[in-house]
Amino acid sequence: MRRFVFHHVSESLFGQLGKWRRLYAFEYGLRFMLYRYFTSCRKGMEKMKKIVLEKSILLTLLVTSGVFVGGTYVFAEEPVERFTLGEFVVTASRVATNKSDTPANISVITKESIADNNYSDAAEAISKIPGVNVLGSGAKGTSMGQDKILINGDERVLILVDGRRVNLGSSGNYSADWLPPVNAIERIEVLKGAGSALYGTDAVGGVINIITKKGSELESHVTVRAASGSWNTEQYGITAGGATENGLGIFVSASKDRRGNYSYKDIDGDVKTMPNSGFNTDGVNLKLDQQIGKDNRITMQFEHLNTEGGSPLYNFKDGNYNVYNSAHKRVNNNVNLRYDWNESADNNGYIQLYRNYQKANFYSEDPYQVADFNEKTIGVDMQQNFTTAKSNQITMGLQYYKTEVENKDMYDGKRDINNKAVFIEDRWQFADSWQLNTGLRFDHHSKYGGELTPHIAVNKKINKDSNAYISWSRVFNAPTTDELYSVNASMGIGNPNLAPEKGQALTIGVNTKIGEKTNMSSSVFYSDIKDAIGWKDMGGAVYQSFNVDREKRRGMELSVNHNFDDKFSAYVSYTYVKVERDSGFGYKDYDNTKPNIYRTGLKYKNYKLLLNADITAVTGQILMHDSYGYTDKSYFTLDLGAQYKINKDAKVFIKGYNLTNARYQEYGGYAYNPVTWGVTSHAAYPMPSRSFIVGMEYNF
């Protein structure tokens with residue numbers, strides 16, 4: 001497989017050597033100038049340290065707070081983690097790097113945060129991170145993929161599970177409902193900003209990496225969890241993990257989540273029940289890892305998801321106004337085999353082979369509204385790290401994947417795409433507190449040929465608790481098979497002549513500690529994409545994919561987390577996103593879902609008791625087709641949680657969601673449901689009203 005991937009990548013790569021030489025000539029020229037400069041100034045560096053510290057903080061804060069006049073200046077922080085620059089992250093550079101040495105906007109959700117907040121699923125956890133927006137339809141579990149994850153207002157987000165891509169080739173998305181269950185998750189890393197230079201297509205807005213638990217790193221245990229709540233909600237989970245005497249690590253988790261028809265607040269302010277909105281989901285995850293020799297490891301992983309439920313947004317009626325209920329069923333089966341070598345050394349690396357399989361069926365009492373598809377992806381990733389000097393590290397690798405989609409209703413048969421890639425990143429500490437990261441990726445897409453995406457970033461480590469950075473990347477995103485080949489008018493007609501999306505993205509940010517009890521993080525971002533892909537009305541409720549001339553995004557994020565003492569803490573957060581598209585008639589706002597998001601909360605924790613309160617406020621919401629449907633331009637929700645530890649092995653908890661009973665929705669659309677039939681409505685995605693859940697967890 002290595003020879004196969006290398007052969008096909010190298011054939012296309014050699015034709016681009018001229019571009020490579022120019023880019024790396026630029027890098028080494030920059031290195032030489034920086035080396036001469038800092039050598040000549042070495043005697044004065046100690047005197048300049050204080051000035052550089054003050055100027056770096058001041059400059060970044062001025063840029064962060066002043067570039068975007070559209071935003072309001074409020075502090076923010078992630079309620080999901082204690083911000084610690086001393087921790088290591090792997091997603092930003094594809095290798096473990098201290099966060100203060102990472103020139104990127106990255107957030108981490110730890111297993112402790114998941115446990116303290118008693119999240120029901122991964123979607124709830126990541127939705128609390130500034131800059132991340134999970135668009136839900138309300139009918140969880142019934143998604144055909146319309147539930148999306150946005151980063152910096154961009155739905156082109158790459159989803160990884162233990163570093164393995166899981167995005168669908170058909171839609172390019174991966175629904176938040178399909179993420180691994182929280183009882184299997186060790187941590188979640190969220191990279192906000194373009195990651196195309198390291199990860200390729202789908203990573204325009206950012207990357208989410210779900211890192212699952214490993215038996216060899218756990219003490220032997222069994223954990224059971226059960227919860228029940230509003231609308232006949234039932235949640236069950238069990239995990240078991242540990243290692244055998246010969247070093248075989250075993251971790252297995254099983255989960256079940258089901259719910260009846262949920263309630264929502266209607267346009268007239270009354271709480272009503274959404275018919276045909278219940279769901280039932282089962283999941284199993286298994287991971288085996290075995291140490292081989294002194295420092296090598298082989299890991300096998302299997303993931304299974306089975307979900308079924310009503311589809312209230314897509315019920316149909318005939319000429320006699322008879323209602324035909326629709327439903328959705330999905331099965332995901334993914335398997336991965338990975339071999340790591342030299343795990344504890346600088347020259348570590350890995351190779352992994354994987355196969356993702358998804359089968360979805362949309363069925364209805366109306367025989368003309370039935371559809372199903374199968375999608376499978378096979379892929380191989382290989383990566384090697386090098387240390388060429390104490391101040392210089394290199395990461396390089398190869399990737400290949402092929403996706404085949406069979407969908408008779410949309411494509412009239414099978415369609416497939418494949419992509420081969422090679423990438424390299426160089427991390428050079430050219431002075432005591434300065435680091436330069438340069439990277440380059442070459443993709444060869446089966447339809448669009450070769451594409452180069454360079455990346456350059458500079459990091460200033462002000463002290464052990466503070467850093468400032470600037471990061472620039474080219475981006476490349478290939479159209480999906482739906483956008484290219486769909487022939488189904490009701491789902492949108494594809495365009496085989498689409499051009500790939502290309503552009504650039506910039507992020508500037510600072511992380512710092514203010515005193516002993518306060519941490520702050522702030523950033524701004526900007527992206528400019530040419531030939532962005534959208535859907536235009538062809539008349540008669542028929543839509544077709546097309547290339548938008550230009551798409552611009554800009555936004556900001558500020559965050560502050562304060563510990564009053566060892567028991568009380570608070571956070572406050574603000575994010576701003578503005579999206580504009582030019583379709584040849586000038587720029588205009590486009591689908592600016594939740595452009596201003598404010599979050600704040602309090603937390604009290606001692607050995608026995610944990611209490612938390614979270615408030616989310618949204619202003620300036622603009623929905624598709626200028627319809628506000630089930631929401632106003634502004635709204636706020638209140639969530640409360642309490643947990644009591646009976647002993648070191650047992651706890652009970654209670655959570656209340658949307659206690660303000662706000663009337664809101666995440667985004668709009670043309671979908672019909674029995675409530676809105678006969679009413680002119682462009683919005684049919686109401687989110688749940690006030691609800692509660694009570695549960696317990698016990699460790700054996």
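**Ground rules.** I am working with a predicted model, in which local features need pLDDT of at least 70 and side-chain atom pairs count only at pLDDT 80 or more, while totals for chains, interfaces and linings use all residues. I number residues from 1 along each chain as its sequence is written, and side-chain values use heavy atoms, with hydrogens and water left out.

Entry: I started with the strands, which, like helices, are DSSP runs numbered from the N terminus (strands are E, at least two residues; helices are H or I, at least four). I counted two strands as paired if DSSP finds at least two bridges between them. In one open sheet I found five strands in the order 3-8-9-6-7, with mixed pairing. Strand 3 (105–110) and strand 7 (164–165) are at its edges with a single partner strand each, so one side of each has no neighbour in the sheet. I then followed strand 3 to strand 8 (residues 185–192): the two are antiparallel, with six bridges. One pairing I noted there is Thr110 with Arg187 of strand 8.

**Entry: two hairpins.** Next I looked at strand 10 (residues 221–229), which runs antiparallel to strand 11 and is joined to it by nine bridges. Gly229 has Thr233 of strand 11 as its bridge partner. Three residues lie between these strands, and Trp231 in this hairpin has a positive phi near 60 degrees.

Strand 11 also pairs with strand 12, again in the antiparallel sense, over 10 bridges. Here I saw Gly241 opposite Phe251 of strand 12. This hairpin has four residues between its strands, and Gly247 in the turn shows a positive phi of about 90 degrees.

Entry: My rule uses a 1 Å grid over the protein atoms alone: a cavity is a set of points where a 1.4 Å probe fits but cannot get out, and lining residues have an atom within 4 Å of a point. Points are joined across faces, edges and corners, and the volume is the space filled by probe spheres set on them.

The largest cavity holds about 1000 Å³. It is lined by 43 residues, with Glu124, Tyr657, Tyr664, Met687 and Pro688 closest to its centre. Strand 4 (132–135) gives the largest share of this lining, four residues. I sorted the lining into 16 nonpolar, 15 polar and 12 charged residues, where Ala, Val, Leu, Ile, Met, Phe, Trp, Tyr, Cys and Pro are nonpolar, Asp, Glu, Lys and Arg are charged, and the others, Gly among them, are polar.

**Entry: the second largest cavity.** This one has about 230 Å³ of space. Of its 20 lining residues, Ala104, Leu191, Ala194, His455 and Ser471 lie nearest the centre. Which element gives the largest share of the lining of the second largest cavity? Helix 6 does, with three residues. Strand 8, from my sheet entry, is among the elements that supply at least two. By class I have eight nonpolar, 10 polar and two charged residues.

**Entry: on the surface.** Last, I found a nonpolar patch made of Leu609, Leu611, Tyr644, Ile646, Val652 and Met696, with about 460 Å² of accessible area together. Patch residues have over 30% relative accessible area and no salt bridge, and nonpolar side chains (Val, Leu, Ile, Met, Phe, Trp, Tyr) are joined within 5 Å, like charges within 9 Å. The areas come from the Shrake-Rupley method with a 1.4 Å probe, counting only the protein chains shown as cover for residues. A salt bridge here is a side-chain nitrogen of Lys or Arg within 4 Å of a carboxyl oxygen of Asp or Glu. Strand 33 and strand 34 each give the patch at least two residues, and Ile646 sits in strand 34.

Notes. On a 1 Å grid over the protein atoms alone, a cavity is a set of points where a 1.4 Å probe fits but cannot get out, and a pocket is an open set with protein on both sides within 12 Å along at least five of seven lines; lining residues have an atom within 4 Å of a point.
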